[in-house]
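Notebook open, structure loaded. I want to look at strand pairing first, then cavities, then the whole chain.

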Amino acid sequence: MAAPALSWCLSLLAFLLPLAIPRASTAENDAHLLLHSRANISCVWSRDGGLQATSCHVHAQPDRRQFLCLERPWNKSCELLPAGPASWSCNLILGSPDSQTLTSADVVRMRVMCLEGERWRRVMTQDFKPFDNLRLMAPDSLEVTQEGSHTCNVTWTVPQASHYLERHLEFEVRTRSLDRSWEEASLLTLKQNQQWIFLETLAPDTAYELQVRVRAQRGSLLTWSPWSQPLAFRTRPEDQLLAGRRPDASSLGHILVGLCGALGLLVVVSLLVNCQYLGPWFKKVLKCHIPDPSQFFSQLSSEHGGDFQ
């Protein structure tokens, strides 16, 4: 009888034990983290399921497993604000815009803390590698530095970009005339850190708009920045004298070289002919190939004294 009783007790204990242990929340958490600049991390947190908290914050500090954290201790936080259905967001500012708070090797321990009643509860913890999750800020300071009837040169800058990324930047540039949409705009890709572009084959006396975006070819998440604010410019009217034919630079160069060479030859010949000392010698050189007619017409030469004119 003891064995059946013991088996019945064990079965009852196995049924009641899960009820006695507090269950973890079945809601799924997801944090989308991106490094925008030297000291700005964008945080978007979403949660499937009800949230009873009245306030939630993101706390960030260096991973204590890194030896560098002892030399650069910091602890930052930002309040999560509603950004959509079951999602909250905030910008985590680690320092001044010009400061380089993070290094390319840093790992940041991110925690989501929510206030439920009178107690703060940790909802989520995630290790974040900033330089593996990059989305830079949109380029700014767009400026036209040179424009013509068919060409235009545009420059820009990348705000608050870390020096760790200088060799990894690439750009996309799109240009449209005002009668076209951005979806129809021509797209040009610059695979290097070239913060300017020279546009050709533009129509004269035409209004255009240009936008630029940037991304870093580094990390596991290659994300383009937002498009810059549109830069409006207008090409110059075409010169009416050159409207029919536009000689290129090589043709103009050949014409100038030919004119200069002909002019130089005329100057040299004139100096040699008119020079008091070089004139007779030069004339003799020019006439050296002409045969002497007196050798063939000796009688006429003696009658006229060598003058055959």
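In which sense do strand β10 and strand β11 pair, and over how many bridges? I looked it up: β10 (residues 140–147) and β11 (residues 152–157) run antiparallel, over five bridges. Pairing here needs at least two DSSP bridges between the strands, and strands are DSSP E runs of at least two residues, helices H or I runs of at least four, numbered from the N terminus.

Note on the source: this is a predicted model, where local features need pLDDT of at least 70, side-chain atom pairs need 80 or more, and totals for chains, interfaces and linings use all residues. Numbering starts from 1 along each chain as its sequence is written, and side-chain values use heavy atoms, without hydrogens or water.

Back to β11. A four-residue hairpin links β10 to β11, and V144 sits opposite V154 in β11. β11 also pairs with β14 (residues 196–199), antiparallel over four bridges; there T155 stands opposite W196.

Next I checked cavities (sets of points on a 1 Å grid over the protein atoms alone where a 1.4 Å probe fits but cannot get out). I got three of 30 Å³ or more in the whole structure, the volume being the space filled by probe spheres set on the points, joined across faces, edges and corners. The largest cavity comes to about 70 Å³. Its lining residues (an atom within 4 Å of a point) include W45, M110 and R111. β1, β2, β7 and β8 each give two or more residues to that lining.

Last, the chain: I count four helices and 17 strands.

Key
1 Å grid on protein atoms, 1.4 Å probe; cavity = no way out; pocket = protein on both sides within 12 Å on 5 of 7 lines; lining within 4 Å.
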